[in-house]
Amino acid sequence: MTMKRLFFVSLAILLIAATGTKAQTATWWGYWNQQMSMKESVACQTQVSHVGIQLTAANSQLSGSQLHGMRFYISDKTAVTKAWIWLTTNPFSGSPENADKYYKEVDVTLLRDVMHDGAPTVVTLDEPVTLLGAGRYARIYAGYTLQVEGTAAPCHVMTAGAGTKVSANSCIMDWQQGEDNHGPVALQLLVSGEKIAQRGLAVSLFDDDILMVNETRTFDVQLTTDGIDPVSSFDYRLTAGDNILAEDHVTMDSPISELGISFNHPITFTLPSAAQQYTCRLQVTKVNGEPNLSSEATAQKQLTVLSQKPMKRAVMEEYTGTWCPNCPRGDVGMHLLDDMFGDRFIGIAVHNGDPMTIDDYDKSEVKKKFVDGYPSCVINRLIACDPYTGLNIYEKRFQSDQLVEYALNMPTVADIEVSGKWDENSNRLTCTAATTFRYSGDDAPYSIAFILTADSLTGEGKEWLQVNTFAGSTEWDEHMNVFTQAERNVKMAYNHVAIAVAGIEQGLSGSVETPLVCDETQHYTYHFDLTGNALVQDRSRVNIVALLIDTTTGQVTNAAKVRTTDASAITTIRNDSTHDATHYYDMTGRRVCSPSRGTIIIQRMKDGSVRKMMR
C-alpha cells in the first residue's frame, strides 16, 4: 500500500523553547521516510508488543539533539487497549514504565488507523529530551508499545516491507532485530539540534575515478536532505581543477520536508582535453536560493583523465598443491579461463608442499593476505574466490569467469607489454617491461613485478601425482569430467606454474619513473639467473609475466605475458583504427595467449573482414 500525503503540516514546523530563549524549529527523521512504500507487517496478538529503532554513534547528526515527538503508523487500532511511547538505553521487559530514559502513555482514542485515516499517530513530549549522547558507544532505543486484547482483527505494525533496502537498527520488534524480514519500521522522530542545519543538502560524488579526455558523461549523484527547511530548489557546481564542468539551478517537483532523505540527480558534463589528474569537486552552493549550510555541502575526489583506453588484462594467482585433493578444479578452471579470454587472461599457479614450490611466492605476504585454504585464488589481488566456482562454493559448476569479466571491466591507467630473451650461453633471462601511462602526473604510485611461469611440467614419483577427490563423482558439471572420470591419483603435466619471481609483493623499486608523461613509454629491464632451477625443464615453455602494481592498494592494475621463445621478436598488436582484435591459435586450433613459431594469427578488421597469417 502506498501512503497518502501527510496533512500534519503544523507539526512539521514545531516551535520549541528548550532554553527559554531563542525559538528553534524541528524536523522529522527516521529510517523509514515518505519516499518509501508502507505495508502491514507483524500482527500484534493478545500481548504487549514493543516496536522501535536503535540510534547509535553512527547517527552522528543526532548526537546531542532534542526529541520533541514521535509519529508511527499502525492498522486495525480497535483491538489496542493501551499504548505508550518511550526512550531507553537498555531493552526492557514487561511494562514500558521500565524504560530508563522516558515513557508516556498515549490516549488510545488519539490513535490513527493508517488503513482508514491515511495518517500517522502523532505524540508530542511534555518536555524535550536529549535523544543521543556523545561518544563512540552512545546508543538509545526509541519506539512505542501496544497492548492488544482479542484477535478477531489484530493490530498490525506498518513497515516498508520485505525486500526494501534497509539500514542497520531500522526495525526492532520485541528486542529482536527484524531488518531482513520487515524493512524499516514506519516510525519517525521530531528532532532539533545544533548539528542539524536550518537548510542543507549533503552531496556525494559518482564512483568512477578514471575517465577519457573530451568524453561526455551523465552520472547520477546522490543528494541527502540535511536541514530543517523543506528543500524546494538547489544550485550546484561541478569542477575539475580550474575547469567548470557543469552548473545549474534545479527546482524540485515537490519539496522534501524530512531529514535524511536521499535522492539522485543526473549531471551531464564533458571532460577536459588534457590527460592528467584533477581534483574533482561537486558543491551544492545554495538551497532554496540561500547558502547551503550542510557540513557536507562539498564532495571531492581525485579524477584521472586518460588520453585513450588501455588494453586491460586480468591475473589469477591460484594457490594449489599436488597433495590437495580439491585442487584439480583449479587446473580445470584456469584452462577454461585461458580458452575463454585468450591473452586477456593470465593464470599463475603457486604451488605449496610439492616439487614445484618456490618459497618466495609460497611464503609471501600476498598469500598470507588472501589464502585461507586450498584451492584458493585472487584475481588482480582484489577478488578472493575459488578458481572454479567463483564466489559460490555451494554450486558445483564453473562460475569464476564472471569474476574475471568483472576484473577486465575495471579501468586501468596504463598499457603494459613484456618481452624477453635468453642468453645463448647461460640460463640468464632478460625481461623488459614497456609501460605506457595514458596521463601525465608528478606522482607514480606504481611498480612492476616479474613472474616466470612454466607449462607442461612433469616429474616422476608420488609427489608429482595429483591427488584427485573428484574421481567417480557425479555432482559436478561436464567441465570436470577430465577428473571425475580419472583415478584417485593422476599423472599429469602442470601448466601456469610459477618458477621464479622478482618484486612479488610491492614490485621492484624504481621500475616506474616519475614524472609520468602521457603516452610516453617507459622501459624497465630485470635479469633472472635460473642456473640450478630444476623447474626450467624446457626453455621454450617458459613464460614471462609482468604485473603493474598499484602500491597504494596492493592491487594489480594491469599485466602482460609472453612466451620466451623468440620473445624479443614479438610485437603485440594493439587495437587501433585498422583492426578490432587479434587472436592466436596453435596448430591444433587451441587459442593461446601469445604467438610462437607455428602459430596462426587471426585479425578481425574494422570492415568485418578477417586476415590470417602464419608465424
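## Stop one: the disulfide

Searching the whole structure turns up 1 disulfide (a pair of cysteine sulfur atoms within 2.5 Å). Before you zoom in, note that this is a predicted model, where local features need pLDDT of at least 70 and side-chain atom pairs count only at pLDDT 80 or more, while totals for chains, interfaces and linings use all residues. Residues are numbered from 1 along each chain as its sequence is written, and side-chain values use heavy atoms, with hydrogens and water left out.

Now select Cys-324 and Cys-327: they are the joined pair, with S to S at 2.3 Å. Their link is right-handed, with 85 degrees about the S-S bond. Cys-324 counts as buried because its relative accessibility is 2%; buried means under 20% relative accessible area, exposed over 50% and partly exposed in between, with a 1.4 Å probe and protein chains only. Cys-327 is buried too, at 2%.

Leaving aside neighbours within four places in sequence, Glu-318 touches Cys-327, Gly-330, Asp-331 and Met-334, among others. Glu-318 sits in strand β25, residues 314-320; strands are DSSP runs of E with at least two residues, helices are runs of H or I with at least four, and both are numbered from the N terminus.

A salt bridge here is a side-chain nitrogen of Lys or Arg within 4 Å of a carboxyl oxygen of Asp or Glu.

## Salt bridges

The whole structure holds 18 salt bridges.

- Asp-117 and Lys-77: the closest N and O atoms are 3.8 Å apart. Asp-117 lies in helix α2 (114-117) and Lys-77 in the loop between β7 and β8, so the pair ties together parts 40 residues apart in sequence.
- Asp-362 and Lys-367: the closest N and O atoms are 2.7 Å apart. Asp-362 is buried at 9%, and Lys-367 is buried at 14%.
- Asp-519 and Arg-438: N to O is 3.0 Å. The two lie in separate loops, β34 to β35 for Asp-519 and β30 to β31 for Arg-438, so the pair ties together parts 81 residues apart in sequence. Asp-519 is partly exposed at 37%, whereas Arg-438 is buried at 8%.

Then select Asp-208, Glu-215 and Arg-217, which salt bridges with shared partners join into one network.

## Into the cores

Colour the largest nonpolar core: 120 residues, defined as buried Ala, Val, Leu, Ile, Met, Phe, Trp, Tyr and Cys joined through side-chain atoms within 4.5 Å. Phe-269, Tyr-361, Phe-450 and Leu-452 touch the most other members. A second, separate core of 41 residues includes Trp-29, Leu-67, Ile-74 and Leu-87.

Thr-124 is in strand β10 (121-130) and is partly exposed at 34%.

## Zoom out

The protein chain has 8 helices and 41 strands. Of its 615 residues, 52% count as buried.

Definitions and conventions. Contact = heavy atoms within 4.5 Å.
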